[in-house]
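I wanted a look at the ligand and the pockets. Here is what I looked up, in order.

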Amino acid sequence: MKEIFPGIYQKDDKLYTLNLRSGQRVYGEKLFRLGGKEYREWIPFRSKLAAAIKNGIREVPLRKGMKVLYLGSATGTTVSHISDIVGEDGIIFCVEFSERMMREFLKVASRRPNLVPILGDARKINDYKDTVENVDLVYCDIAQPDATEVLIRNAKKFLNPGGYVMLVVKSRSVDISKSPSEIYKEEIKKLKDAGIDIIDWVKLDPYEKDHAFILGKF
Ligand SMILES: C[S@@+](CC[C@H](N)C(=O)[O-])C[C@H]1O[C@@H](n2cnc3c(N)ncnc32)[C@H](O)[C@@H]1O
């Protein structure tokens with residue numbers, strides 16, 4: 001087992017995180033015991049952060065004890081791996097506006113004390129500003145046309161100086177009349193204009209068609 005980024009492991013061609021809740025699966029992933037530790041397989045077809053790692057993103061600035069604001073947590077697939085990485089001393093504020101998704105997500109959050117579920121709209125910061133603390137990273141995967149603007153507004157409000165942003169761009173959600181490459185360029189420019197330095201970005205094909213993953217630093 002090789003640690004390729006802090007808390008992220010690779011064996012053969014598969015990715016893993018150390019299971020924070022031994023014996024428990026979150027989305028049907030395989031568990032793997034080695035050297036007295038339990039790893040959870042991280043499936044790139046199910047998680048865009050895993051897809052970005054498989055596609056060679058240069059850095060994954062997640063660390064033990066980090067505070068994260070995650071916009072669009074859905075049922076918690078990717079959140080659960082970030083929860084493994086930041087560990088018991090970290091915290092992830094998880095914003096999701098679908099009640100159906102949130103009901104499923106609560107099952108995951110009830111078993112992982114580092115998750116704070118927030119039923120709310122990532123466009124309405126005022127609704128959760130009293131719950132969320134300042135964070136080291138804002139992650140945004142909401143599949144909306146204004147996802148980049150939503151990320152920027154949340155980063156300006158909650159991100160510590162020098163903090164990181166991770167943005168999933170779903171090109172078909174932004175504008176179906178333009179090519180994905182054109183859209184990635186435009187969204188990157190919006191981030192730069194907001195004062196975010198782009199560390200790296202990768203396309204997510206073949207795991208997610210017409211998606212890109214952008215990593216930046218504020
Ligand atoms: C593509 S899914 C996220 C998948 C998840 N990030 C993962 O990797 O496990 C997008 C989610 O964003 C949620 N969403 C969309 N717009 C939102 C908004 N304005 N505020 C909060 N959640 C939103 C949707 O309900 C959906 O669950």
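Predicted model: local features only at pLDDT ≥ 70, side-chain atom pairs only at ≥ 80, totals over all residues.

**Ligand contacts**

A backbone N or O atom of Gly72 is 3.1 Å from a nitrogen atom of the ligand. Asp121 puts a polar side-chain atom 2.9 Å from a ligand nitrogen. At Ala122 I found a polar backbone atom, also with a ligand nitrogen at 2.9 Å. I then checked burial: on its own the ligand exposes 610 Å², and the protein buries 87% of that.

**Largest pocket**

Where does the ligand sit? I found the ligand in the largest pocket. That pocket holds about 460 Å³ of space. Its lining runs to 25 residues, and Gly72, Ser73, Ala74, Glu96 and Asp141 are the closest to the pocket centre. I noted two elements that each give two or more residues to this lining, α2 (77–86) and β7 (91–96). The lining splits into 9 nonpolar, 9 polar and 7 charged residues.

**Second largest pocket**

Last, I checked the second largest pocket, which has about 170 Å³ of space. Among the residues lining the second largest pocket I jotted down Glu3, Tyr9, Leu20, Arg63, Lys64 and Asp84. The class count for this lining is 5 nonpolar, 3 polar and 4 charged.

Definitions and conventions
Residues numbered from 1 in each chain as written. Heavy atoms only, no water. Polar contact = N/O pair within 3.5 Å; in protein donor to acceptor, adjacent residues only side chain to side chain. Areas by Shrake-Rupley, 256 points an atom, 1.4 Å probe, with all protein chains shown as cover. 1 Å grid on protein atoms, 1.4 Å probe; cavity = no way out; pocket = protein on both sides within 12 Å on 5 of 7 lines; lining within 4 Å. Sits in = over half its atoms within 2 Å of the grid points. Points joined across faces, edges and corners; volume = space filled by probe spheres on them. Helix = DSSP H or I, 4+ residues; strand = E, 2+ residues; numbered from the N terminus. Nonpolar A, V, L, I, M, F, W, Y, C, P; charged D, E, K, R; others polar.
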